[in-house]
Amino acid sequence: MRRSLLFIPSNSPAMLQNADIFGADGVIFDLEDAVSIHEKDAARTLLDTFLSMYPLNHLEIIVRINQIESSIQSKELELIISDKIDTIMLPKATVSSTMILIGQLKKIEIEKKLTKKIQIIPIIEMAESVLEVKDIAKLERVNGLLLGAEDLASDLEVSRSIDSLEILMPRAFTILAAKANKIDAIDTPFIHKDDEDGLMKDAKFAKQLGMNAKACIHPNQVEIINDIFSPSKDEIKQAQRIIEAYHKPENMHKGAFSLDGKMVDKPIIDRALKLIDKAKAWHLL
Amino acid sequence: MANLLTASAGTMESNDCLMIVSESDQLKIDLESIVYKQFKDQIEKVIRDTLKEKGYQKLHVHCQDKGALDYTIKARLLTALERLEKLK
């Protein structure tokens, strides 16, 4: 279950060794944009050595690789894939590039005799990705979609604005594709790292639209994002009341019943159960 | 005098180290570290173990350490060695 995913540049020892102290649900070790072209080799070796010596078992370990079919991508995948990794984040994803990645992962998992199946988070950051997102979301191993607004804005030839109006439709497409396939909709990071009010506003809006997690580009964003994407005390209390009412003998076999004068039926019960699962997972209960 | 190949990896930032490796007719390790007194032996051990693992018996290694942990020392040396091999 994800709320916050924190980007960590893979060529920075100071950041790597503190990756697990900021309270993020997952860390994204970045081999792509945060690493210069001349330091890709150093970054992948540093990351691999770090994970060999310091397994971060309580966090989701995600690695953002370089673009599929770039000269460095297949090499880095062969080095980096191991049981220490949970998920690969794929930049500039399309159906075709995600399928290539699935094939590469299958081959490496067999060769290295991995005990787990590496999952994929494609980044929806090109106009083409947005148009293909409903098909990308259906592919095996894809368990979340990250909207990448900065690259998308470049592709759309628009400027990014503080209200993010220019990404309203891509946000909606990403959410619909994710939710239709019961996977995570992960919102684009908020790049103004010192603007806490702006981050809160942006994250609340993303949650209102249907995003269930958000990427962070700075550790100081994690707590705010965790707060916003966690169920509130009132929401947890209400969910508990719904489940209690559902378990009453008079309601158990009804398709719908009434609580506080409002109808409660299966979608509301399912939502309450899901919310309680999240609250338990994040130690809010 | 023949030109001896040299390669490097890492940085002089805090928690990192700059590792410079050069061809040599003997094994020589120069170490500068902000924690020299406390960790000289440990850092040298990581360097020696990594060289042994990669089969190097003759090499000049110059490590400028800024408080790197073992994994960083090892990774920077591995990258410098790979870069040296590419020059050959």
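Predicted model: local features only at pLDDT ≥ 70, side-chain atom pairs only at ≥ 80, totals over all residues.

Some housekeeping before that. Residues are numbered from 1 along each chain as its sequence is written, while chains are lettered from A and ligands numbered from 1 in the order in which they are written.

How confident is the predictor? The complex gets an ipTM of 0.95 and a pTM of 0.91.

Okay, chain A. You'll find 12 helices and 10 strands there; by our rules these are DSSP runs, numbered from the N terminus, with helices being H or I of at least four residues and strands E of at least two. Its radius of gyration is 20 Å, close to the 19 Å that the globule rule gives for 285 residues, so chain A is as compact as a globular protein of that length. That radius is taken over C-alpha atoms, and the rule is 2.2 Å times the number of residues to the power 0.38. Along the principal axes, the C-alpha atoms of chain A fill a box of roughly 65 × 45 × 35 Å.

As for burial, 41% of the 285 residues of chain A count as buried. Buried here is 20 or more other C-beta atoms within 10 Å of a residue's own, exposed is 12 or fewer, and partly exposed is in between, with C-beta atoms placed from the backbone.

Now chain B, where the order along the sequence is β-β-β-α-β-α, that is, two helices and four strands. A compact globule of 88 residues would have a radius of gyration near 12 Å, and chain B agrees, with 12 Å. The C-alpha trace of chain B spans about 35 × 25 × 20 Å along its principal axes, and buried residues make up 34% of the chain.

So where do the chains meet? The contact takes 14 residues from chain B and 10 residues from chain A; two residues are in contact if their C-beta atoms, placed from the backbone, lie within 7 Å. On the chain B side, helix α2 (residues 70-87) gives the largest share, eight residues. That side of chain B divides into six nonpolar, four polar and four charged residues. For the record, Ala, Val, Leu, Ile, Met, Phe, Trp, Tyr, Cys and Pro count as nonpolar, Asp, Glu, Lys and Arg as charged, and the others, Gly among them, as polar.

On to the cores. A nonpolar core is a set of buried Ala, Val, Leu, Ile, Met, Phe, Trp, Tyr and Cys residues joined through C-beta atoms within 7 Å. The largest one has 87 residues, and A:Ile28 and A:Leu145 have the most contacts inside it. Its largest share, eight residues, comes from α2(B). There's also a second, separate core of five residues, including A:Ile242 and A:Leu275.

What does A:Leu145 touch beyond its neighbours within four places in sequence? Its partners include A:Ile121, A:Val133, A:Ala177 and A:Ile186. A:Val133 is also one of the buried residues of helix α5 (residues 127-136) of chain A, and the buried residues of α5(A) pack against α4 (95-111), β5 (119-124), β6 (144-147) and α7 (168-180) of chain A.

A:Ser164 isn't a glycine, yet its phi is positive, about 55 degrees. You'll find A:Ser164 in the loop between α6 (149-156) and α7 of chain A, and it counts as partly exposed because 19 other C-beta atoms lie within 10 Å. In chain B, B:Asn15 has a positive phi too, near 75 degrees. B:Asn15 is in the loop between β1 (6-10) and β2 (17-22) of chain B, and is partly exposed, with 18 other C-beta atoms within 10 Å.

That's my tour; over to you.
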